[in-house]
Amino acid sequence: MPMKIEPLNTDFAARVAGIDLSQPLSDQLVSAIEQAMAQYAVLVFRNQPMTDDQHAAFTRHFGPIDKGLLVGSKRKRRLSNPDVIDLANVDLEGNVLPASNIRNVSLIANQFWHSDSSFKNPPAKYSILCGMELPAQGGQTEFADQRAAYDALSDDMKTRLQGLVAEHWAYHSRNMLGGGGQSPEEMDALPAVQWPIVHTIPESGRNSLFVGIHTREIEGMGTAEARMLLHDLLEHATQRQFVYRHEWQANDVLMWDNQCTLHRGRAYDLSQLRELRRCTTEVVMQNVV
Ligand code: OGA
Ligand code: MN
């Protein structure tokens, strides 16, 4: 069966059928997926069980792997493949963690609207998230189209944002939740980075907002004014008309472009197992001539 793309909205989020992600992909299929990503920014693949190695191999078709917060971390890991980020609320033996366990701070931080690794240079391009065990209630994942959000800004706001640069910091979200127990080495490994608040996505030529919970300052602006502008932009950018909510089924795979979408997990009963695993690619910086 050839690959089939079924849009869930005009140009945001699509379901893809007729492909087996566990198998190596032809160049033709890789470029068909890249084209679909350029148009829809979020793709949903149903019923795609994969091993961690297959998950990482699928991801590597699209660029070098981003390791997120694993950089500089000496924490023991449950998964042996270093390219796969473990998003399960379990301990090293696979038992559900007590709600108050420090690891839940990072998992709960995923319930803020964010773009993966926007606090890194290079930042994340595509994230590929496999859902394995999902709670019966809650725990959905939502995506907000930052191209549509940009397009819907007033002309005055578009002009105001021209040239503005925001600072993104990995631990801003954790600190908002009372602190994630990060070590000085982990903090040193991820100093804040700066990105324009509006950028153009090379694959589609569309402008996109680039804000989210990791942003904490704007260059050349006082902290209070900057935080309120970032807050207002985030509120604008995550209105329901820009959002796709994914109701998980086991073995769903979601793929999204972090450069033009925000996402967040939704709350669930922390005593329930929720197991997802993610692989992510880095943005490949174009050489500026
Ligand atoms: C992620 C993430 C949200 C969720 O995998 O990067 O933010 O629903 N996940 O778990
Ligand atoms: Mn995320």
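Predicted model: local features only at pLDDT ≥ 70, side-chain atom pairs only at ≥ 80, totals over all residues.
I'm calling a residue buried when its relative accessible area is under 20%. By that cut-off Phe 143 is buried, and Trp 256 is too.

**Metal site**

I started with the manganese ion, ligand 2. Which protein atoms are its donors? I find His 114 through NE2, Asp 116 through OD and His 263 through NE2, lying 2.1 Å from the ion. Along the chain the donors of this manganese ion are spaced as H-x1-D-x146-H. His 114 sits in the loop between helix H3 (103-109) and strand E6 (124-133), while His 263 is in strand E15 (residues 261-265), so the two histidines tie together parts that are 149 residues apart in sequence. I also checked burial for this pair: His 114 and His 263 are both buried.

**Ligand 1**

Next I looked up what surrounds ligand 1. The residues around it include the metal donors His 114, Asp 116 and His 263. Also among them are Leu 87, Asn 110, Leu 129, Gln 140, Thr 141, Trp 256, Arg 274 and Arg 278. Then I went through some polar distances. A polar side-chain atom of Thr 141 is 2.6 Å from an oxygen of ligand 1. For Asp 116, a side-chain N or O atom lies 3.0 Å from an oxygen of the ligand, and for His 263 I noted 3.0 Å as well. How much of ligand 1 does the protein bury? On its own the ligand exposes 290 Å², and the protein buries 98% of that.

**Gln 140**

Gln 140 belongs to the loop between E6 and E7. Its relative accessibility is 10%, so I count Gln 140 as buried. Leaving out residues up to four places away in sequence, I see Gln 140 touching Arg 245, His 246, Glu 247, Trp 248, Arg 264, Gly 265, Arg 266 and Arg 274. With Glu 247 there is a side-chain to side-chain polar contact at 3.4 Å. I also took one distance to Val 105, which is 35 residues away along the chain: the C-alpha atoms of Gln 140 and Val 105 are 18 Å apart.

**Aromatics**

I counted 5 aromatic pairs, taking ring centres within 6.5 Å as the rule. In one of them, Phe 58 and Phe 62 have ring centres 5.2 Å apart and planes at 65°, so I log the pair as edge-to-face. Phe 58 is at 2% relative accessibility and counts as buried; Phe 62, at 9%, is buried as well. Back to Phe 143 and Trp 256: their ring centres are 5.0 Å apart with planes at 55°, so this pair is tilted. Phe 143 is in strand E7 (residues 141-145) and Trp 256 in strand E14 (residues 253-257), so the pair ties together parts 113 residues apart in sequence. I also noted one aromatic cluster made up of Phe 45, Phe 58, Phe 62 and Tyr 126.

I then turned to positive phi values outside glycine. Asn 47 has phi near 55° and lies in the loop between strand E3 (42-45) and helix H2 (52-60). Its relative accessible area is 57%, so Asn 47 is exposed. Asn 251 has phi of about 70° and lies in the loop between strand E13 (243-246) and E14. At 27% relative accessibility, I put Asn 251 down as partly exposed.

Key: Residues numbered from 1 in each chain as written. Chains lettered and ligands numbered in written order. Heavy atoms only, no water. Donors = N, O, S within 2.8 Å, 3.2 Å for Na, K, Ca; no water. Helix = DSSP H or I, 4+ residues; strand = E, 2+ residues; numbered from the N terminus. Buried < 20%, exposed > 50% of the residue type's maximum accessible area, 1.4 Å probe, protein only. Phe/Tyr/Trp six-rings, centres within 6.5 Å; stacked < 30°, edge-to-face > 60°. Near = heavy atom within 4 Å. Polar contact = N/O pair within 3.5 Å; in protein donor to acceptor, adjacent residues only side chain to side chain. Areas by Shrake-Rupley, 256 points an atom, 1.4 Å probe, with all protein chains shown as cover. Contact = heavy atoms within 4.5 Å.
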